[in-house]
Amino acid sequence: MVQIRRARESDTQRIAEIYVETWRTTYAGTLPDRVLIGMSSERQTIYWARAIRQGSELIYVAEDDGAGVVAVGSAGPNRARGNRFTGEVYTLYVEPDFQNRGLGRRLLDALFRQLKADRCDTAVLWMLAENPTRFFYEGLGGERVGERVDTMSGVDVEEIAFAWRDLEAPLVRR
């Protein structure tokens, strides 16, 4: 059985491992090897511990009875000023062995419910355009609303944005 809950500081090492593992799995062949090899679970552990302590973002995890924490999602106010979407999903990562089991949808739903409780009526999510999970977000009602180019470790990467205009609408796979 898998439970969705708020992250605790004791989860940070596992969250960091999931973050690095999913980036390396998802972006192998898309991003330069030096970017993926340079990712550090230690640095990510420090980042996530600080974020949890400060309460600067909503962080939820999916915890499996046998395997422990297997997915993480984070959200909060939109970081882009003047943007028409009030909330933003910052991250959503599911360990590869636990993908396609509904955990991403459940995490996203929990983040949306908390954003709504925090007075955010809409949400946007930015992701690398080459990320195959874009179809997952489209399937959950995400509307493609933007494109931009960002620089990551000296490499220009294309990003796309998906938005949800009603955070109370159920996230049912289409």
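**Entry 1: the whole chain.** I began by noting that this is a predicted model. I counted elements next and found five helices and seven strands in the protein chain. Reading from the N terminus, I wrote their order down as β-α-α-α-β-β-β-α-β-α-β-β.

**Entry 2: overall dimensions.** I wanted to know how the radius of gyration compares with that of a compact globule. For 174 residues such a globule would come out near 16 Å, and the protein chain has 15 Å, which agrees. Along the principal axes, I got a C-alpha trace spanning about 40 × 40 × 35 Å.

**Entry 3: helix α4.** I picked out α4, which covers residues 103-117. Its 15 residues reach 21 Å from first C-alpha to last, close to the 21 Å expected at 1.5 Å a residue. Which residues of α4 are buried? My list reads Leu103, Gly104, Leu107, Leu108, Ala110, Leu111, Phe112, Gln114 and Leu115. I reminded myself that an α-helix has 3.6 residues a turn, so residues three or four places apart point the same way. After α4 I came to Arg119, and I jotted down its positive phi, near 70 degrees.

**Entry 4: aromatic pairs.** How many aromatic pairs does the structure hold? I have nine in my notes. One of them joins Tyr137 and Trp164 edge-to-face, at 6.1 Å centre to centre with 75 degrees between the planes. This pair links distant parts of the chain, since I found Tyr137 in helix α5 (residues 134-139) and Trp164 in strand β7 (residues 155-164), 27 residues apart. Are the two partners buried or exposed? Tyr137 has 5% relative accessibility, so I put it down as buried. Trp164 is at 4%, so it counts as buried too.

I then followed the ring pairs elsewhere and found a cluster of Tyr19, Trp23, Tyr27, Tyr47, Trp48 and Tyr93.

**Entry 5: arginines over rings.** I finished with charges placed over ring faces. Arg101 lies over the face of Phe98, at 4.5 Å from the ring centre. I also noted Arg148 over the face of Trp126, at 3.9 Å from the ring centre.

Methods
Residues numbered from 1 in each chain as written. Predicted model: local features only at pLDDT ≥ 70, side-chain atom pairs only at ≥ 80, totals over all residues. Heavy atoms only, no water. Phe/Tyr/Trp six-rings, centres within 6.5 Å; stacked < 30°, edge-to-face > 60°. Helix = DSSP H or I, 4+ residues; strand = E, 2+ residues; numbered from the N terminus. Buried < 20%, exposed > 50% of the residue type's maximum accessible area, 1.4 Å probe, protein only. Lys NZ or Arg CZ within 6 Å of the ring centre and 35° of its normal. Rg over C-alpha atoms; globule rule 2.2 N^0.38 Å. Expected span 1.5 Å × (residues − 1).
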